[in-house]
Amino acid sequence: MTENIFFKINQFSNIDDKLFEDSVKEFNGELLYSTVSLCHHCHYHVPAYTYHYNNQLWLVKHCKTHGISHHMIERDYEFYKNLVYTPKKDTEQDLQVITEVTDRCNIDCPHCYHIPDNEVRDTPIDKLMEKYKSWNLDMEKVIFVLAGAEPTLRKDLADLVRTIKKEWPTTKVVVLTNGIRYSDRDLVQASIDAKMDAICVGLNHHSYINNPTVRRKQLEGIKNAFEMGLTVETISYTMSSVSELHDILEEILSNNWPARFFRIRYGSDIGRYPDQERLYLSDTYKLVKEWCINNGKTFKDLPGDNNLYHTMVSIDDIVIRLIQWCDETDINIEELDCGPYADFSSDGISNFLYSVIRRDIEKNQKIFLPDRIPEKYLFKQFSK
Ligand code: SF4
């Protein structure tokens, strides 16, 4: 058995390793490493182990109230084992703190972890600044990622960027957007004037929300940003169906968009979520690789911060991050002790996906979080 991390987790005491060993023995599984998960009934953090069985990666977790449960977390253990993981602190991802600046949005995506509420008034800039200062971090090192719902619905977004930059001049500020409002060149110019560093656009397949006008505006937004010199760092796609993959890859490869990289993610059961089967990272990876073979494209694995939930690849030298999120049922938090970070739950800054899942419990399901983020998983890299 590998190092037991439970002693580092403030919530746990008296962990019974034997319970896990016996439970996995029944399947002839091989225990791998201890981790932390969430109980999908009472939402407490619970001790867990990963194990290998029949070339699959499984998670066994134990809740004192709801007992033991087993969950497959990767269909192909060999694939997981071969991911090239280079955990380097201070990569771009590790510096990012994603923070919400509005609850409002101008579209309704079939997958939305946030689930916007257009009745909620935006928090004024001075209150947001108070919050950022209360993080007590060395802010000059942090990359601010302003998210929503849709940040561009704030009329004062450029002022917010300017205020952050005035307070912490070397801080980078990026905006996560659906890109619709960047079809207005005045907004692109206002963002450039405010010294916004980049935008990350959630584009999706052309049929994703079935609204050609919205899609046209998103494409115009991307074009405007490139033409006018506002950096588009990433362009992202969430797939409702793997049948969208062909068009998505065609679009990425044919457009010559100078984004730093692209993201392709298959949906998962968080927030708003249409009924679709659970896929694993290896599923999307193999589909993409097969598509490249069938279409005469070069496919390469790239080293990086690859883990159970994302891996970097390149197709004809275009860099793509393939992503598959877990949900509350099968979260392996030890695998999420890395950036990007987010402050979505009320008890601190932690890994983005972990924060999205806890936010979903707290804000979407309106369930009081019964415990806090274990100290080990709090973002504290730049604590003062
Ligand atoms: S995913 Fe983003 S763009 Fe889509 S509804 Fe949610 S907040 Fe709006």
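User: In which sense do strand β5 and strand β14 pair, parallel or antiparallel?

Analyst: The model is a predicted one. Strands of a sheet pair through backbone hydrogen bonds, in either a parallel or an antiparallel sense. Strand β5 covers residues 96–100 and strand β14 covers residues 341–342, and two bridges join them. Their sense of pairing is parallel.

User: Which residue of β14 is the bridge partner of Val97?

Analyst: The pairing of β5 with β14 runs over two bridges. For Val97, the bridge partner in β14 is Tyr341.

User: Which strands are the edge strands of the open sheet?

Analyst: The open sheet is formed by 11 strands with mixed pairing, in the order β11-β12-β13-β10-β9-β8-β7-β6-β5-β14-β15. An edge strand here pairs on one side only. The edge strands are β11 (299–301) and β15 (350–351).

User: Which residues of α7 make the contact with α6?

Analyst: α6 passes α7 in a right-handed crossing. From α6, the contact involves Arg185, Val188, Gln189 and Ile192. From α7, the residues are Asn224, Ala225 and Met228.

User: How many charged residues are in the shell around the ligand?

Analyst: Among the residues surrounding the ligand are Cys105, Asp108, Glu150 and Gly202. By class, the shell has six nonpolar and four polar residues, and the number of charged residues is two.

Conventions: Residues are numbered from 1 along each chain as its sequence is written. This is a predicted model: local features need pLDDT of at least 70, side-chain atom pairs count only at pLDDT 80 or more; totals for chains, interfaces and linings use all residues. A residue is near a molecule or strand if its C-beta atom, placed from the backbone, lies within 6 Å of it. Ala, Val, Leu, Ile, Met, Phe, Trp, Tyr, Cys and Pro count as nonpolar, Asp, Glu, Lys and Arg as charged, and the others, Gly among them, as polar. A crossing is left-handed if the near helix is turned anticlockwise from the far one by less than a right angle, and right-handed if clockwise. Helices (H or I, at least four residues) and strands (E, at least two) are DSSP runs, numbered from the N terminus. Two residues are in contact if their C-beta atoms, placed from the backbone, lie within 7 Å. Two strands pair if DSSP finds at least two bridges between them.
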